[in-house]
Structure formats: C-alpha cells, structure tokens
Amino acid sequence: EIHIKEPVEKEVNPRLLPGELLLCEASTVYKYIQEDGSNRGTYGKLVCTNFKISFLDDDSASDDNEPQFKNKIVGENDITLQCVDQIYGVYDEKKKLLTGQLRKYPEKLIIYCKDLRVFNFCLRYTKEEEVKRIVSGIVHHSQTPKLLKRLFLFSYASAAPNNTDGRNQTVMFETLEDWRDELERTKGNVKYKAVTTNEGYRVSEKLPLYFVVPICISEESILKYEGRGIPIWCWSCHNGAALLKMSSFPKEQDDTTSQMQKAFLDGIYKTISKPPYELLKTDDLSSSLPSLQDIQTAYTRFKQLFLIDNSTDFWATDVKWFSLLESTNWLEIIRRVLKKAIEVAECLEIQHTNVLLIEESATDLCCVISSLVQVMMDSYSRTKSGFQSLIQKEWVVGGHGFLDRCNHLHKSEKEEAPVFLLLLNCVWQLVQQYPPAFEFTETYLTVLSDSLYVPIFSTFFFNSQHQRDTNKSGESLKTQSGPFRFLTVWDWSVQFDPKAQAFLNNPLYAEKPKPDKSQRKTARFKHQRQLSLPLTQAKPSTKRGFFREETDHLIKNILGKRIGKFINSSDEPPNSLREFYDSWQSKPVDYHGLLLPRIDGPEIKVWAQRYLRWIPEAQLHGGGTIATAAKILDLMEEVQSLQVKMDEEHSQAVSGDVHSVPMLRNSARLSSLFPFALLQRQSVKPALPTSTWKDLEDEDDLVRRDDEFVDLSGDML
C-alpha cells in the first residue's frame with residue numbers, strides 16, 4: 001500500500017545563496033520516508049543548482065516547525081554536490097550505479113551521501129523530459145571531474161557580502177607573528193625559530209609561507225632539497241622535548257643521490273641529537289601505521305554498515321553486527337593510531353626525548369599523530385579556539401591535501417583517503433572517555449565533519465596554502481576584480497544561530513583551576529575508570545612528583561632503546577611503556593594535564609552520533625547522551641534565570657553577555673538522534689520472522705532473549 005500525499009498546487013521555489021544558480025528541476029517527484037520501510041512519502045520538486053541538490057515540498061515553503069538545531073546553509077532536504085557519495089538508479093527493482101552518460105533513465109533514484117544520509121526518490125510520476133534533465137544533471141554535476149575554479153566556493157566568494165563575525169579567536173598561522181606567539185606559548189623559542197625562507201614559495205609550494213625549525217638549521221639546508229629532510233617543529237612539551245615532522249626523500253633513486261641525501265640527513269640529525277642532553281627518536285609512520293590505501297578500504301567497508309536503505313536491511317544485518325563491524329578493521333585502525341600517539345607521548349613526557357615523525361609528504365599521518373599528541377598533552381588544544389588553531393596549524397596551513405583526500409573535484413579515487421575524518425574519530429574517543437576535559441562537544445565534532453563537504457568555506461577545499469593564495473585572485477570573474485575573500489569554517493555564525501551554537505559548547509567543561517601545590521602531594525583515588533590493561537605491580541611511592549621516579553630509572557638506560565608496539569594481544573609491550581601507562585591510569589585524572597586514551601578491547605567505540613544519527617531503528621527514546629545534556633542545560637537555564645532575578649532584586653544592570661542556552665523542554669521525549677533528527681516514530685523489530693530470523697528459530701536461547709535488541713543497540717551506541 002502506498003500512502004501518497006497529494007501534489008501541492010502552490011509553487012515552491014528554492015532558497016538560493018549568493019552566487020547560486022538553478023541548473024535543472026523536476027516536478028511531481030515522490031520522496032520516500034525510509035523510517036519504517038513502507039512506501040510512505042511526499043510529493044515535491046527536485047532541483048539541482050551549482051551548490052546543492054534539494055527536495056522542496058510544501059513544508060519547505062513555511063518556517064513553521066523549524067528544527068531546534070538548524071543549519072542556515074544546508075537544510076535537512078539539501079545535499080551539497082561535494083557531499084554526494086554514490087548515485088544508484090533502480091531499473092525493474094534492480095539497482096545500478098549511475099556514472100557518466102545514461103542511455104536509459106531509472107524509475108527510482110537513490111542518493112548515498114558522505115554524511116551517511118540516504119535519499120530515495122520515485123520518478124514514475126514525473127514527465128519523461130524532466131526525468132532526463134534532472135537525472136543527467138545530478139549525475140554530471142556531482143560525479144564528473146571538474147576544475148578547481150568551478151567549485152561553488154568561488155561563485156559564493158565573488159557574490160556574497162563579507163560581513164562575517166570578526167570576533168573569531170582562532171589563530172590562523174598565516175603570519176610570522178602567529179608562529180612566534182605559538183613558540184612563546186609552548187616555551188619552544190629557546191631551541192627553535194620561525195623562518196621566512198619560503199616567502200614567495202621559493203623553497204617549496206607544499207610548505208607553508210612561514211614555519212618553525214631548530215635554531216641550528218641553516219637557510220642553505222632548507223633550500224637544498226626543497227624542504228625535504230628538514231625537521232619542522234610542531235609543538236614543545238613543558239620539559240623542553242619537542243615534536244617534529246619531516247618529509248622523507250623518495251625511496252627509488254640512484255646510489256649517488258641516495259648517498260648524498262643520507263649524508264645530508266646524518267648531518268641534520270647530529271645538529272639536533274646531542275646525547276645525553278638532547279636526544280632524538282625517529283619514527284617512520286609509513287612503516288609503523290596502516291597505509292592510506294588500507295585506511296580508505298577500511299572506511300569504505302565501515303560506512304556501508306550505516307548506509308541503510310530500509311528497516312528490513314537494518315534488522316537483517318543486526319544479528320551479525322559485531323562480526324561485520326570487526327571485519328571492516330576501522331576500529332582497529334583507530335586503536336593503532338591512538339597507540340602510536342601514546343608511544344610518542346611517553347617519549348616526550350617520560351624520556352624527555354625529541355620525537356621526529358617521518359612520512360613521504362609529512363601531510364597525512366604526521367598531521368594525525370602530531371594533532372593527537374597535542375590534544376592529549378596540551379589542555380589548550382582541548383578548548384574550542386585551541387583545537388581550531390591546532391587544525392589550522394597542522395592541517396590547513398600545514399599542507400594536508402583536503403582537495404585530493406576528500407576527492408572534491410572527482411579527479412582521482414586513488415588519492416582519496418579519510419585522513420582528517422580519522423583524526424576526528426580518534427579525538428571523539430577521548431571526548432567520550434573524558435568529557436569534562438573538553439570545551440567542545442561531540443556535536444561540535446559531528447558538524448565539523450559535515451563541514452568538510454560545504455564549499456562556501458575555503459578551510460577544507462585546498463591542498464596547500466600556496467594553492468589557496470594563488471587562486472585568491474578573481475580577475476576572470478566579471479563581478480569582482482579584486483581578490484576573493486573566502487570564509488573560514490571557524491566562524492560558526494555562518495551556519496548556526498547563537499541558540500544552535502550552544503550545542504557545540506560543553507556545559508560540564510572543567511575550567512582550569514588555579515594551581516594549589518598542597519593538593520599535588522596527596523594521591524587521591526576518586527575516579528571510577530575501568531583500567532584498560534592488566535595491572536602490573538604499581539610502585540608504592542610517588543613522593544618526588546608525577547612520573548619522577550620512572551624518569552630517573554629510565555634516563556640511565558635511554559640511549560639506543562627502541563619503543564615497540566603497545567597493548568597488542570599478540571605481543572607484550574616494553575616495560576617502560578607499560579609502567580608509564582599503568583602509572584598514569586592509577587592516578588586521578590587531571591583534566592588539564594596529560595590525557596591517555598583507554599584503547600583496550602571494547603573501549604574503542606563507534607562514534608554513534610555521527611554514524612547512527614539518520615537510522616531511526618538505532619535510536620534510544622528519551623535516552624542517549626543528549627538526554628543527559630538536555631537535563632543539564634535545563635538546569636543551567638534555571639540557574640541563569642534565578643541569577644537574573646537576584647540581579648534585578650539588587651537593582652544591578654543585567655549583563656547582556658549571558659551565554660545562550662538551548663531551550664530543551666520535555667527532554668524525556670527526545671531521541672538519541674537529536675539534534676540532527678527530531679522525534680521519530682518508534683521502529684520495532686519485525687513481528688513476522690524474516691529469513692534471517694527463521695534460520696535462528698531453533699536457537700531457543702537467542703530467540704527467548706526479547707531484550708537482546710536493547711543490549712545490542714546499547715553496545716552499538
């Protein structure tokens with residue numbers, strides 16, 4: 001039975017952004033509501049612009065019933081062209097991938113999105129000419145290779161008024177002063193210097209305009225191999241040890257060149273490593289971490305688990321959820337990356353050793369590990385502005401190839417790899433394990449991952465600072481003769497109003513307390529964390545301060561010691577690393593000190609909000625983290641209103657700087673899918689057994705457990 005909402009007579013026109021052009025449209029398109037697997041849906045108009053694909057029904061015309069967490073740029077029925085993952089056509093109930101020129105046009109269109117939404121459109125009732133135009137238009141504009149200047153980013157920048165909020169506290173690292181300030185903040189200016197050698201990009205187009213190197217490195221050395229073989233500073237620890245990265249030389253070269261490069265590297269290492277005062281550990285990430293191809297393969301498998309067409313598909317895969325999840329290898333990659341970050345943190349914190357991360361371009365896994373180490377060791381990177389500054393420093397200015405890795409131009413799938421998404425997944429593990437340590441929420445990380453595909457911000461749409469600078473000129477456009485003024489994603493007011501932005505801030509963030517020396521002397525065991533490793537015998541005394549005993553013991557044996565693999569079921573980690581981990585785990589958490597992720601077994605979880613938010617079957621009615629947050633925000637709102645009343649009673653002027661708190665009334669009715677999906681119909685397990693359940697009917701133990709669905713969802717979430 002098909003429940004049809006009759007076509008609307010009134011004309012519904014799309015809301016276009018500055019520079020956005022309507023390219024093609026089709027009327028009387030039927031959009032299925034996939035929540036319950038039925039054929040219910042609504043009629044409307046399907047349009048394609050140079051920015052997005054959009055479905056417009058009669059609800060699109062009214063502002064009533066606006067969601068509480070509304071994105072001002074991308075609506076719930078909008079898909080930016082960069083967010084389209086794959087498009088399938090249905091021909092006689094058979095799905096076929098649509099690419100390039102089409103000979104025959106489908107009766108149904110299924111669009112899979114990179115943010116894991118799935119749209120089902122029926123074209124049976126649409127005029128044939130309109131079907132041809134809209135299907136070929138959508139496939140062409142979202143799937144075929146395009147030139148950089150054809151991105152909507154440039155159309156928007158040339159047409160939009162530049163009236164954005166100038167109060168952004170994020171450090172952009174586009175000036176020499178920004179780098180010097182960061183050196184001063186981390187006390188790294190004693191051993192390191194910011195250099196101007198690459199001004200005009202005369203060293204390399206891949207390097208940023210300004211960067212930091214050890215003081216002993218000469219300008220000639222930097223120029224010799226276009227910046228390759230030069231240790232570039234990332235961050236300095238409180239004890240003076242530094243985290244560095246370096247792009248390696250190509251492996252396949254003739255002997256003479258290889259020998260010259262080896263001699264050059266030996267000279268560079270000698271200037272940095274001066275035992276026993278300055279120690280250096282090198283770590284080639286291309287051999288110690290999975291390859292980009294492995295990461296891409298794992299994520300491709302992983303995301304298929306969440307691109308659910310209908311309720312039947314969900315329940316068919318539900319019984320083998322854990323084996324399917326394990327076979328993707330995605331969580332194992334997250335575990336390995338976090339393990340590597342712990343290794344680096346141990347070298348810096350305990351061994352006082354400089355760590356040099358090496359990679360072919362030093363712009364992929366180097367960015368992941370250096371960012372993670374800073375989030376774990378530097379509480380500033382756990383504030384919102386600090387985390388955004390970190391992304392600017394290590395990724396945007398640092399030269400991560402967002403354009404290629406996200407395949408925004410559809411040039412080459414070989415270059416595609418979800419490296420930045422891998423970082424966000426790793427940071428999310430820390431956020432959900434230690435919520436009070438972070439000023440931002442998981443919702444912040446989710447909308448940040450969505451912003452990867454919104455081409456009105458320049459942040460994630462260039463491969464390097466050089467590419468961004470050279471494409472800033474707008475001479476070819478009649479509308480503007482001067483340079484483009486691109487938006488940055490860090491101005492959240494572009495996407496969200498103040499009420500929605502409140503969801504990005506953690507109300508339970510532990511503000512940094514003033515240091516109290518008397519408290520550090522007594523060890524208090526108040527936390528209730530489960531240790532993720534088997535315990536070794538802890539040392540009884542820590543009178544000389546945090547990790548001081550371990551340091552004294554290790555410093556004697558530090559030279560030549562290599563750090564092996566950590567926390568693997570197949571091999572035993574080195575004692576120094578195990579001691580470091582156990583020693584930290586046995587103490588109360590300092591939310592403004594070192595944070596180590598728990599990475600054993602089930603401690604590594606699926607980022608539920610991002611991956612399950614569009615699946616009604618996976619929701620918890622009145623539950624999940626959002627229900628807890630709702631209660632806290634309600635309490636905060638009550639406290640604020642009481643404060644206002646007290647101020648009024650004392651005849652004090654009420655400050656207008658009260659933080660905006662979202663009004664979450666009746667939070668018991670909220671679903672765990674909130675704020676991305678609003679109240680949903682409850683989806684229940686099929687009453688009649690499907691073929692999968694028939695196979696399992698004999699297994700009485702499994703069938704009898706009616707609450708298994710609840711337990712499984714809990715594990716998934």
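Student: How are H10 and H11 oriented to each other, parallel or oblique?

Tutor: H10 and H11 are oblique to each other, a class for angles that are not under 35 degrees (roughly parallel), over 145 (roughly antiparallel) or 65 to 115 (roughly perpendicular). This is a predicted model, in which local features need pLDDT of at least 70 and side-chain atom pairs count only at pLDDT 80 or more, while totals for chains, interfaces and linings use all residues. Residues are numbered from 1 along each chain as its sequence is written, and side-chain values use heavy atoms, with hydrogens and water left out.

Student: At what angle do the axes of H10 and H11 cross?

Tutor: Roughly 60°, with the axes of H10 (residues 330-349) and H11 (residues 365-377) coming within 9 Å. Axes here are lines fitted to C-alpha atoms, for helices over the stretch in contact, and angles run from 0 to 180 degrees between N-to-C directions. Helices are DSSP runs (H or I, at least four residues), as are strands (E, at least two), numbered from the N terminus.

Student: Changing topic. How many residues of H15 are buried?

Tutor: Nine of the nine residues in H15 (residues 442-450) are buried, so the helix is largely enclosed by the rest of the structure. Buried means under 20% relative accessible area, exposed over 50%, and partly exposed in between (1.4 Å probe, protein chains only). Glu 442 and Asp 450 are among the buried residues.

Student: What covers the buried residues of H15?

Tutor: The cover includes helices H12 (384-396), H14 (419-433), H21 (608-612) and H22 (624-649).

Student: And Leu 109, where is that found?

Tutor: Leu 109 is found in strand E7 (residues 108-113). Leu 109 is buried, with a relative accessible area of 1%. Not counting residues up to four places away in sequence, Leu 109 touches residues including Leu 46, Ile 87, Phe 119 and Val 135. Its C-alpha atom is separated by 9.6 Å from that of Lys 31, 78 residues apart along the chain.

Student: Which phi value does Thr 28 have?

Tutor: Phi of Thr 28 is near 50°, a positive value in a residue other than glycine. Thr 28 is in strand E1 (residues 22-32) and is partly exposed, with a relative accessible area of 30%. Glu 226 also has a positive phi, near 55°. Glu 226 lies in the loop between H4 (219-224) and E11 (232-236) and is exposed, at 56% relative accessible area.

Student: What is the mean pLDDT of the chain?

Tutor: The mean is 82, and 78% of the residues reach 70 or more; pLDDT is the predictor's confidence in each residue, from 0 to 100. Over residues 475-480 the pLDDT is below 50, and this stretch has eight contacts in the model beyond near neighbours in sequence. Where pLDDT is low, the predicted coordinates should not be read in detail.

Methods:
Contact means heavy atoms within 4.5 Å.
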